[in-house]
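Please keep the structure open beside them as you read.

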Amino acid sequence: MAGVQTAVALREQGFPGSVTLIGAEPHQPYDRPPLSKAVLLGKAEGSAFDVDFEALDVELRLGLEVTGVHPARRELDTAAGPVPYDVLVVATGAEPVRLPGAEGVPGVHLLRTLDDAERLRPVLARQHDIVVVGAGWIGAEFATAAREAGCSVTVVEAAGRPLVGALPAEVAAPMAAWYADSGASLRTHARVERVEPGAVVLDDGSRLPAGAVVVGIGARPATAWLAGSGIELGAHREIVADDHLRTSLPGVYAVGDCASFPSGRYGERLLVHHWDNALQGPRTVAANIVGETPAPYDPVPYFWSEQFGRFVQYAGHHGAADALLWRGDPAGPSWSVCWLREGRLVAVLAVGRPRDLAQGRRLIESGTRMDPALLTDPSRPLKGAAL
């Protein structure tokens with residue numbers, strides 16, 4: 001997404017030079033969200049972007065892995081030989097964290113790429129017993145698809161609840177019931193001791209039958225190839241970009257999952273692994289390259305997830321919030337959570353309440369002060385609580 005959108009934005013903003021888009025995968029550039037939904041379930045063959053690269057005069061070099069960069073001579077190392085550049089945009093995204101000891105074991109899968117989804121599709125069709133490791137967003141989405149396909153699903157999570165890295169305990173707690181409601185089993189405080197062909201063994205000695213194992217324990221920026229380049233990396237091995245998505249080296253930009261950026265709105269550096277960030281960031285990068293002076297890149301982060309028959313949306317960043325308010329009953333089919341800081345909305349989570357999300361996102365962008373008493377009334381539009 002980030003690489004394709006950068007190329008498109010460059011042409012839309014009048015960039016006259018050559019544009020080359022290099023990708024390690026052999027496939028036409030594609031969108032990732034359908035991989036855990038329509039593609040996985042066989043409802044779609046692929047999710048290629050509807051972009052006419054030839055008409056845009058963008059050269060695609062697919063199936064070509066970049067293994068290094070030499071900023072002094074402005075050159076990339078690839079298996080096909082060196083590739084020169086004047087301006088480099090790094091949009092290598094993130095790669096899934098692998099389960100230690102599980103590599104090479106038959107039946108162990110990741111879900112990040114089109115090839116991953118293609119390998120998993122017949123697994124679902126055979127209605128295997130499936131163990132999902134990790135109750136994060138991707139684990140829940142895969143479990144949803146597997147249950148829809150008629151598989152028996154057990155999700156194991158080392159923490160005491162789902163979404164431990166994403167949401168506070170009181171917000172994530174109601175979501176644990178969604179697993180049982182869908183017929184999936186959620187086992188928390190469950191650490192994987194080892195994976196064997198046909199089984200997952202937990203640290204308490206219990207064995208779970210597993211015709212397939214899907215690992216969803218997080219992702220990290222795909223930046224190992226930048227070793228020795230001089231490009232500054234952060235604590236999570238992400239590229240440290242400034243508020244215009246420039247890296248520490250002249251003429252090199254970074255966008256999407258592989259880069260963090262300073263947020264003036266939230267007063268901290270953000271590393272956002274979501275689709276919307278890969279959509280918005282390229283406009284800032286392209287504007288810099290064509291010589292404009294864009295506003296600092298400071299989006300309201302946004303993502304969505306479809307799981308267990310629910311549409312979950314989140315906008316903002318709740319890390320520094322000082323108040324958490326509920327709108328509706330979390331045991332019901334639709335509800336929202338709002339986070340405030342000094343009376344202003346900084347984040348909103350909406351389950352089956354898309355209007356709350358849309359209005360909340362605009363209120364976060366504007367920094368509007370809110371009336372907490374009005375905010376907690378789910379019958380009142382969210383914007384009606386603005387002061």
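1. Arg-121 and Glu-118 both belong to helix α2 (residues 114-125), where they sit 3 residues apart, about one turn of the helix. Helices here are DSSP runs of H or I with at least four residues, strands are runs of E with at least two, and both are numbered from the N terminus. The two side chains meet in a salt bridge of 2.9 Å, N to O; the term stands for a side-chain nitrogen of Lys or Arg within 4 Å of a carboxyl oxygen of Asp or Glu.

2. A word on the source: this is a predicted model, in which local features need pLDDT of at least 70 and side-chain atom pairs count only at pLDDT 80 or more, while totals for chains, interfaces and linings use all residues. Residues are numbered from 1 along each chain as its sequence is written, and side-chain values use heavy atoms, with hydrogens and water left out.

3. Buried means under 20% relative accessible area, exposed means over 50%, and partly exposed lies in between (1.4 Å probe, protein chains only). Salt bridges with shared partners also join Glu-45, Glu-118 and Arg-121 into one network.

4. Across the whole structure, the search finds 18 salt bridges. One of them joins the side chains of Glu-141 and Lys-37 at 3.3 Å, N to O. Glu-141 lies in helix α3 and Lys-37 in the loop between β1 and β2, so this pair ties together parts that are 104 residues apart in sequence. Glu-141 and Lys-37 are both buried. Another salt bridge links Arg-353 and Asp-356 at 2.7 Å, N to O, and these two residues are buried as well.

5. Of its 15 lining residues, the closest to the centre are Lys-37, Leu-41, Thr-144, Glu-148 and Glu-306. Two or more lining residues come from each of α3 (137-148), β21 (302-307) and β22 (310-316), and α3 gives the most, with 4. By class the lining has 5 nonpolar, 4 polar and 6 charged residues. For the classes, Ala, Val, Leu, Ile, Met, Phe, Trp, Tyr, Cys and Pro count as nonpolar, Asp, Glu, Lys and Arg as charged, and the others, Gly among them, as polar.

6. How is a pocket told from a cavity? On a 1 Å grid over the protein atoms alone, a cavity is a set of points where a 1.4 Å probe fits but cannot get out, while a pocket is an open set with protein on both sides within 12 Å along at least five of seven lines; lining residues have an atom within 4 Å of a point. Grid points are joined across faces, edges and corners, and a volume is the space filled by probe spheres set on the points.

7. By this rule there is 1 cavity of 30 Å³ or more, and the largest cavity holds about 30 Å³ of space. Among its lining residues are Leu-245, Phe-261, Asn-277 and Tyr-297. β19 (259-263) and α5 (275-289) each supply at least two lining residues. The lining has 6 nonpolar, 3 polar and no charged residues.

8. Helix α1 (residues 2-12) has 9 of its 11 residues buried, so it is largely enclosed by the rest of the structure. Its buried residues, including Val-4, Val-8 and Arg-11, pack against β1, β2, β6 (88-90) and α5, where contact means heavy atoms within 4.5 Å. Just after α1, Gly-14 takes a positive phi of about 90°.

9. In a regular strand the side chains alternate between the two faces of the sheet. β1 runs parallel to β2 (residues 58-62), joined by 5 bridges, with Val-19 opposite Val-58. Two strands pair if DSSP finds at least two bridges between them.

10. Lastly, 5 strands form an open sheet with parallel pairing, in the order β8-β15-β9-β10-β11. β8 (108-109) and β11 (185-187) stand at the edges with a single partner strand each, so one side of each is left without a neighbour in the sheet. Within this sheet, 4 bridges join β9 (residues 129-133) to β15 (residues 212-215), and Val-131 has Val-213 as its bridge partner in β15.
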